[in-house]
Amino acid sequence: MKIIAADVIVTSPSRNFVTLKITTNDGVTGLGDATLNGRELAVAAYLREHIVPLLLDRDPHRIEDTWQFLYRSAYWRRGSVTMAAIAAVDMALWDIKGKVAGLPVYQLLGGASRTGLAAYGHASGRDIPELFDSIKMHLEDGYTHIRVQTSIPGVRAVYGVAAQTQSSGERYDYEPASRGALPVEEDWDTRAYLRHLPGVFEAVRNEFGPTLPLLHDGHHRMTPIQAAKLGKSLEPFDLFWLEDCTPAENQEALRLVRQHTTTPLAIGEVFNTVWDFQLLIREQLIDYVRAASTHFGGISPLKKVMDYAAQYQIKSGFHGPTDVSPVGLAAQAHVGLAIHNFGVQEYMAHSDRTNSVFEQTMTFKDGSLHPGDAPGLGVELNEEAAAAFPYQQAYLPYNRLADGTMHDW
Ligand code: GCO
Ligand code: MG
């Protein structure tokens, strides 16, 4: 069997997606997700110009060798563009292997370790009543775990509060990026945030009781000591996790946070390789691995990092916003179903329009996600539907402090 074609398809049903479709001489096709939010065309060009020519005539069954070849032969390693491109190839080859074997990918990874995946949804509100409504809505939809984000008095626009973008008519597949020629500027005040957030969690606990698993995303905005302080002040509210409390490039910062708080920590949605997690796992500085198959080089490295994490009782919490396409989401759902140390899966659900372009076997029933039992990943791209939605420039927002200083978004 050999690869005879590899096509890069860019489509924008409710947001931009980059998909790689690999075709074999037997007529089997496989899909991979290469979507890098706000930098989509860089990955499309990396694939089209540099990777597709290397794939032709290769044996699609040699997944590990192809991964190592693309990683090592480039010499210039890692980085989100490179790793998203390699991820797409890796996923597409697993998809092909599953289809040839007549098995869903999770069976090839060791079979199911559970009946389905617990998922968390994004509840948010500009104030407490709006937040409560959003939590109730998510509970009605069946979510068993809830992420809580709110506005902060004195700050115009804060990460993760859906109504902010909704009211300005810019909602971009339920997430903060927006279409347009330039990114939107937001503002930020960490001290105001640290004062406000514990009260929000106290109100949520009072309303919804002690058992509901609650999560929060700090979105890389705090210094280590601020993160330590927040973790400590949230301890009475028993969070399931506090995510991205610091910009994790400085991994040693997590030692300081850990010394001060027992609030569980989740990190890694912007990480690209297993090596990015080495220190954090070995020193047990985190509790959940936030990698996404798409930005992490695919299914193969995701399985490897989780096997490493298992030695330290660290669990998965894969990154599943809508900028991970249905293909990427399926890829990590297969991994989540198979591994022993699954924690929770982030699940925002794509728009109906996106789902009309990506036909899927994935189900979300009674709070449980399942990738389905179709051979391969369980996603097919309707290319005719995809062609009706050409790429549109879109950017994530960015942050400035009151005095104009750029801050992490
Ligand atoms: C999350 C993330 C996302 C990112 C987005 C950037 O926890 O889901 O923080 O919302 O901001 O994926 O493209
Ligand atoms: Mg996040």
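Reader: How do you know that strand β1 (residues 3-11) and β2 are joined, and which way do they run?

Author: Happy to start there. In this predicted model, eight bridges join β1 to β2, and the two run antiparallel. Two strands pair if DSSP finds at least two bridges between them, so eight bridges make β1 and β2 a pair. One such bridge links Ile 3 with Thr 24 in β2. The two strands form a hairpin, with five residues between them.

Reader: Which strand does β2 pair with over five bridges, and in what sense?

Author: That is β3 (residues 29-33), paired with β2 in the antiparallel sense over five bridges. Leu 20 stands opposite Gly 32 in β3. β2 and β3 also form a hairpin, with four residues between the strands. In that hairpin Gly 27 takes a positive phi near 85°.

Reader: Why is β2 (residues 17-24) called largely enclosed by the rest of the structure?

Author: Because eight of its eight residues are buried. Buried means under 20% relative accessible area. Both faces of β2 are covered. Phe 17, Thr 19, Lys 21 and Thr 23 are buried on one side, and Val 18, Leu 20, Ile 22 and Thr 24 on the other.

Reader: How many residues of strand β4 (residues 117-125) are buried?

Author: Eight of its nine residues are buried, and β4 is described as mostly covered.

Reader: What makes β5 (residues 145-150) a partner of β4?

Author: Six bridges join β4 to β5, and the strands run parallel. The cut-off is at least two bridges, so β4 and β5 pair. Within this pair, Gly 121 has Ile 146 as its bridge partner in β5.

Reader: How do you know that β13 (residues 345-346) and β16 (residues 368-370) count as partners of β4?

Author: Each joins β4 through two bridges. The definition asks for at least two, so both strands pass. β13 runs parallel to β4, while β16 runs antiparallel to it. In β13, Gln 345 is the bridge partner of Ala 119; in β16, Ser 368 is the bridge partner of Ala 118.

Reader: Why are β7 (185-187) and β20 (406-407) said to stand at the edges of their sheet?

Author: The sheet is open and has three strands in the order β7-β19-β20, with mixed pairing. β7 and β20 each have a single partner strand, so one side of each is left without a neighbour in the sheet. Three bridges join β7 to β19 (residues 398-400), and these two run parallel. There, Asn 399 in β19 is the bridge partner of Glu 186.

Reader: Let's move to the metal. What makes a residue a donor of the magnesium ion (ligand 2), and which protein residues are donors?

Author: A donor is an N, O or S atom within 2.8 Å of this metal. Asp 217 (OD), Glu 243 (OE) and Glu 269 (OE) lie 1.9 to 2.2 Å from the ion, so they qualify as donors. Water is not among the atoms, so the site may look incomplete. In sequence, the donor residues are spaced D-x25-E-x25-E. Asp 217 lies in strand β8 (residues 214-217) and Glu 269 in the loop between β10 (265-267) and α10 (278-282), so the pair ties together parts that are 52 residues apart in sequence.

Reader: Are Asp 217 and Glu 269 buried or exposed, and how do you know?

Author: Asp 217 has 3% relative accessibility and Glu 269 has 10%. Buried means under 20%, so both count as buried.

Reader: Why is Val 200 called buried, and what is it in contact with?

Author: Val 200 is in helix α7 (residues 190-208). Its relative accessible area is 2%, which is under 20%, so Val 200 is buried. Leaving aside neighbours within four places in sequence, Val 200 is in contact with Ile 128, Leu 131, Val 148 and Thr 150. From C-alpha to C-alpha, Val 200 and Thr 150 are 7.9 Å apart in space, and they are 50 residues apart in sequence.

Reader: One more: how do helices α11 (residues 299-310) and α12 (residues 326-338) pack, and which residues meet?

Author: The helices pack at an angle of about 35°, with their axes 10 Å apart, and the crossing is right-handed. Ile 299, Leu 302 and Lys 303 in α11 meet Ala 331, Gln 332 and Val 335 in α12. By class, this contact has four nonpolar, one polar and one charged residues.

Note on methods
Residues are numbered from 1 along each chain as its sequence is written. Chains are lettered from A and ligands numbered from 1 in the order in which they are written. This is a predicted model: local features need pLDDT of at least 70, side-chain atom pairs count only at pLDDT 80 or more; totals for chains, interfaces and linings use all residues. Side-chain values use heavy atoms; hydrogens and water are left out. Axes are lines fitted to C-alpha atoms, for helices over the stretch in contact, and angles run from 0 to 180 degrees between N-to-C directions. A crossing is left-handed if the near helix is turned anticlockwise from the far one by less than a right angle, and right-handed if clockwise. Contact means heavy atoms within 4.5 Å. Ala, Val, Leu, Ile, Met, Phe, Trp, Tyr, Cys and Pro count as nonpolar, Asp, Glu, Lys and Arg as charged, and the others, Gly among them, as polar. Donors are N, O and S atoms within 2.8 Å of the metal (3.2 Å for Na, K and Ca); water is not among the atoms, so sites may look incomplete. Buried means under 20% relative accessible area, exposed over 50%, partly exposed in between (1.4 Å probe, protein chains only).
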